[in-house]
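Hi,

Here is the structure I promised to pass on.

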Amino acid sequence: MKLRWFAVALLLAALPATLQARWIQDKVIYETKAAGKVEFSHYNHLEAVGKNCPSCHNSIFHIVAEKNPTFTMADMEKGKSCGACHNGTRAFGVKEDCSSCHPTRDVTFKVPDAGDVLFSHDVHTGMFGCSDCHPHLFVPGPGNKRVTMGRMEKGSSCGACHDGGSAFTVKDNCDTCHQM
């Protein structure tokens, strides 16, 4: 008889959590000004924290998304928002691999009369970290000012590394970047 009541009590305790999980939206998209869209998966995180919603809600994130303040990467590096867990100990750190959360893609720059330039994030992130270029050389996303080849040859933009020392020079290797 005690076993039956225990089973009923266990079922009643588990039922709300099971029903609650059905209404949770798995993918949540956060728009960031500097780095585009960030896709968050509730299901991946629920698996990691043992289906313990209160470990994040409402202590780190308010369940009503509009009530959450905006955090910068610097804030996260200090343990706020995602950085509360993504600190390099509990989960991968927010400074370690930008592309885990911020998608990268190849970028084509339209260059009239000189051939378009295809910039490969994969090639560059294989050798450098995101912070080597972002945000001091390039602001992530659209809106960067165009730079002339003359300014690049003097160290601006791509020319900061493509100077003939750190990487091939922009001055003598046009067809390496420009699709002619």
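Predicted model: local features only at pLDDT ≥ 70, side-chain atom pairs only at ≥ 80, totals over all residues.

Trp23 has a relative accessible area of 55%, and the cut-off for exposed is over 50%, so Trp23 counts as exposed.

Next, His42. You'll find His42 in helix 2, residues 42–48. Is His42 buried or exposed? Its relative accessibility is 18%, and buried means under 20%, so His42 falls on the buried side. The His42 side chain also reaches the backbone oxygen of Gln25, at 2.7 Å. Leaving out residues up to four places away in sequence, His42 touches Ile24, Gln25, Asp26, Val28 and His57.

The last stop is a glycine. Gly93 sits in the loop that runs between helix 3 (73–77) and strand 3 (107–109). Although Gly93 is a loop residue, Gly93 is buried, because its relative accessible area is 4% and the cut-off is under 20%. Which residues does Gly93 touch, not counting those up to four places away in sequence? They are His86, Asn87 and Gly88. Gly83 is 10 residues from Gly93 along the chain, and the C-alpha atoms of the two are separated by 7.2 Å.

Cheers

Technical notes: Residues numbered from 1 in each chain as written. Heavy atoms only, no water. Helix = DSSP H or I, 4+ residues; strand = E, 2+ residues; numbered from the N terminus. Buried < 20%, exposed > 50% of the residue type's maximum accessible area, 1.4 Å probe, protein only. Contact = heavy atoms within 4.5 Å. Polar contact = N/O pair within 3.5 Å; in protein donor to acceptor, adjacent residues only side chain to side chain.
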